[in-house]
Amino acid sequence: MDASSTVWIIAVVALIVGTVIGYLLGRSGGNDNRQLELIEQLDETQRELADYKEKVTSHFEETANLVSGLTESYKAVHQHLAKSSVELCDSEQVTRSLAEAMTPRLEEESAKEEEAVVADADTKVEAAKDESMAAPLDYAPKKPDEEGTLSETFGLKEGEEAAAQEPAQTQDFAERKESEPGELTKPAS
């Protein structure tokens, strides 16, 4: 083997070894880039979530302030009406009831009343849904102490009712008196 073929063999082996080393280094460097991209995405998502939470918090704070202002306005209107009615009305009873209405209630009582109103409203809504969703009746509804529409005496007046309760007289065809043709027969009484 001569020196030039040895140089060629060393060059080819060095090229193969360099290609393998470059490939392995390229693969390990690609994972680092992917990991960096994922970390950046995670950080961006966390920033967006924090911004969203901040917006939701500020929304509910503003809503609470507006509702509080509405409540204060309602109280001011109520107090104004109560004060005016006390000044304009002479009745002691009206004055006492309005004075009681003007006294501030404890927050617990207000909360209990609000819960009761909400529960009552929910019950009424459910009852209305049940009534509106009920199948149509094929009979006339009645109270337990009333007669139904299928009763024999339904709609009759008292005098007619007594006559309707007497048993109907039936004709006995054997006791029929003979009559001339064309003449109607009357039942025996």
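Predicted model: local features only at pLDDT ≥ 70, side-chain atom pairs only at ≥ 80, totals over all residues.
Tutor: Residues are numbered from 1 along each chain as its sequence is written, and side-chain values use heavy atoms, with hydrogens and water left out.

Student: How many helices and strands does the protein chain have?

Tutor: Elements are DSSP runs numbered from the N terminus, helices being H or I with at least four residues and strands E with at least two. Here there are four helices and zero strands, in the order α-α-α-α along the sequence.

Student: What percentage of the protein chain counts as buried?

Tutor: Buried means under 20% relative accessible area, exposed over 50%, and partly exposed in between, with a 1.4 Å probe and protein chains only. Of the 189 residues, 3% count as buried. Accessible areas come from the Shrake-Rupley method with a 1.4 Å probe, and for residues only the protein chains shown count as cover; the protein chain exposes about 17800 Å², of which carbon and sulfur atoms supply 58%.

Student: How many salt bridges are counted?

Tutor: A salt bridge needs a side-chain nitrogen of Lys or Arg within 4 Å of a carboxyl oxygen of Asp or Glu, and by this rule there are two. Glu37 and Arg34 are paired at 3.6 Å, N to O; they are three residues apart in helix α1, and therefore separated by about one helical turn. Glu37 is partly exposed at 44% relative accessibility, as is Arg34 at 46%. Arg47 and Glu44 are paired at 2.6 Å, N to O, and both lie in helix α1, three residues apart, about one turn of the helix.

Student: Which residues form the nonpolar patch on the surface?

Tutor: Patches take residues with over 30% relative accessible area and no salt bridge, joining like charges within 9 Å and nonpolar side chains (Val, Leu, Ile, Met, Phe, Trp, Tyr) within 5 Å. Ile9, Val13, Val17, Ile21 and Leu25 form the nonpolar patch, with about 450 Å² of accessible area together. One of them, Val17, is in helix α1 and is partly exposed, with a relative accessible area of 44%.

Student: Which backbone oxygen does the side chain of Thr57 reach?

Tutor: Thr57, found in helix α1, reaches the backbone oxygen of Lys53 with its side chain at 2.8 Å. Thr57 is itself partly exposed, with a relative accessible area of 43%.

Technical notes
Polar contact = N/O pair within 3.5 Å; in protein donor to acceptor, adjacent residues only side chain to side chain.
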